[in-house]
Amino acid sequence: MPDASHPSSGRARELLPTASPAETLASVRALLRPHRALALGGFAVMVGATAVGLLTQPLLGHIVDLVAGRHDAAALTLPVLLLALVAVVQGAATTGGLALTSRLGETVLAQLRERFLERALELPQERLEAAGSGDLTARVTGDVARVAEAVRTALPELARSLLAIVLTLGALALLDWRFLLAALLAVPIQAHTARWYVRNAVPLYAEQRIATGAQQQQLLDTLGGGATVRAFRLEAEHTERLSERSWAAVLLELRGVRLILRFYSRLHLAEYTGLAAVLVTGFLLVRDGSATIGTATAAALYFHSLFGPVNTALVLLDDVQSAGAGLARLVAVADLPAQPPRERADATSTDGPAVLVTGAGHAYRPGRPVLQDVDLVLRRGERVALVGASGAGKSTLAKLVAGVHRPTSGSVELFADPPPGGGPVVALVTQEVHVFAGPLAEDLRLARPGATEQELSEVLARVEALGWAEALPEGLRTVVGEGGHGLDPAQVQQLALARLILADPPIAVLDEATAEAGSAGARLLEQATARALEGRTALVVAHRLSQAATADRVLVMDGGRVVESGTHDQLRAAGGRYAALWEAWSDARTESHHRTTAPLI
Ligand SMILES: Nc1ncnc2c1ncn2[C@@H]1O[C@H](COP(=O)(O)OP(=O)(O)OP(=O)(O)O)[C@@H](O)[C@H]1O
């Protein structure tokens, strides 16, 4: 049955999705719902703070009227005291409102980030590979940072500015509706300016991001491939490429600066046109006696106080738009449906299958299947070896069983109980083992949290690693992995096998490095592997056919299909593909044995 629950069915290389604005909004509303009281409280305090602030202009206008009327200085006391009071109340209310909204923003962002990471870690490998881990990392770092920045500063500032604009226009209308009309004269110029800016800025910023990405990529290429660059004397060429890309980025940055400067000059033109209209209206109203000089002054001050919020809103609109794009990318991953479990606990039957693969297919790219119609049953406790030429699809099948990839057609089901400690039902050991930075013991405890030193030592002894582990400068406490003590590939494999024993899954999938046939290291690893697999159902990609010879059953793969199945002896006797592979491998082994044991003359 096709795995319809998986979104990549039929579209194997689907990139990570992006949510539509409606989906983003719905998701944010759902996140905000539990915090409704906090959101309403924050909004109410901000409205209050802005409204109180709007008392400043009429108070100043009143003072102007008092001065123009040549009242004595004592008459100024009350309005001046009121002005001070307005300043204090507005300051306190703004701080309180910002504290509430920041708390809200941070809480929602933390929840979103948590859900994003949960879902991201559940993403099937092929989707991660299709999108490139870079995209996911960019979302976790770049997008989260952009959204966080917006939540911390841009959004509250934008909300405050929009509130101030609406309330200030209302206050202007209260003074006289003609002031409002005059003020609105500036709006078409401002709207045109904003449209012009967005039309130019959006593609420019996209170009800038691409140029910065290209510059970073070149830097990574040059530094990452440092040895190759030096070996082929490519230093000059790489320096030139780097310089080309960084200049391209610089030129785009400068275009951005020029755009911003032109944007501000157009904005100022709009603002001063509006101010002139308000001043002329004030002059006319004072002349025909419909307003006092103080009222006209208050109107001009109101209009002038719009400059800041309008500029802020227009500039922040850009930030908020870009944060909105980031948010859409976060929400898209955070809202992915949780992966349905493949495991079916079936502890009652002990003779049923542990792994059932039915008609499974897999394609890394649409229309290019690398696995087709694979049926496979692994009985409990059975050890099955997968053999075949390079590219036959062995690793892909192994990863399907391990759950790293989901089949693009057919199904993979596991029938097993998790280990008593609650670890995974299936574990995969591949050639690409990641040793986490930190003490060796902590790396091992990832597989079994709370394991004692005694337990760790016992397990290391079983995989023949205790000797070298104890000889490390600080024994099991030695820092290994990134930036730590270097381990050789065989040691890393032994660690992976030790983790497997510690995690103790009922099903194990092994796809290990091709080691030199017959070498001492390979023999040691073979022993360790056999011990790590004891008591488990195992699927082993056998690069060394000696592993196939000792397996309960061998599956031969070719062109993404299982073409032979049977025991080592049966398949050899059948004289088919396995028999040919075995002959070729035995000959190669004998030859290499002779080469390594031949006396040096
Ligand atoms: N991540 C990937 N993206 C695209 N194609 C892939 C990916 N991994 C494997 N392939 C392709 O799928 C096919 C099967 O590869 P797979 O690694 O499963 O074969 P294999 O039998 O394990 O080979 P080997 O013994 O060399 O590891 C190959 O053609 C390979 O190029």
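Modeller: A crossing of two helices is left-handed if the near helix is turned anticlockwise from the far one by less than a right angle, and right-handed if clockwise. The structure shown is a predicted model, in which local features need pLDDT of at least 70, side-chain atom pairs count only at pLDDT 80 or more, and totals for chains, interfaces and linings use all residues. Residues are numbered from 1 along each chain as its sequence is written, and side-chain values use heavy atoms, with hydrogens and water left out.

Biologist: How many helices and strands does the chain have?

Modeller: Both are DSSP runs, helices being H or I with at least four residues and strands E with at least two, numbered from the N terminus. The secondary structure of the chain comes to 19 helices and 12 strands.

Biologist: What percentage of the residues of the chain count as buried?

Modeller: A residue is buried under 20% relative accessible area, exposed over 50% and partly exposed in between (1.4 Å probe, protein chains only). Of the 601 residues, the buried share is 42%.

Biologist: Are helices α2 and α4 roughly parallel or roughly antiparallel?

Modeller: Helix α2 spans residues 36-53, and α4 spans residues 77-122. Their axes (lines fitted to C-alpha atoms over the stretch in contact) lie 8 Å apart. The angle between N-to-C directions, which can run from 0 to 180 degrees, is about 155°. Angles under 35 degrees count as roughly parallel and those over 145 as roughly antiparallel, so α2 and α4 are roughly antiparallel.

Biologist: Which hand has the crossing of α2 and α4, left or right?

Modeller: The contact (heavy atoms within 4.5 Å) includes Gly-41, Gly-42 and Val-45 of α2 and Ala-93, Gly-96 and Gly-97 of α4. α2 passes α4 in a crossing that is left-handed.

Biologist: What is the angle between α7 and α10?

Modeller: Helix α7 (residues 186-224) and helix α10 (residues 293-334) have axes 11 Å apart. They cross in a right-handed manner, with Tyr-197 and Tyr-205 of α7 and Phe-303 and Leu-314 of α10 among the contacting residues. α7 is roughly parallel to α10, the angle being about 25°.

Biologist: Which residues does Gln-111 touch, beyond those up to four places away in sequence?

Modeller: Gln-111 belongs to helix α4. At 33% relative accessibility, the residue counts as partly exposed. Its C-alpha atom is separated by 9.8 Å from that of Ala-334, 223 residues apart along the chain. Gln-111 touches Leu-31 and His-35.

Conventions. Angles under 35 degrees count as roughly parallel, over 145 as roughly antiparallel, 65 to 115 as roughly perpendicular and the rest as oblique.
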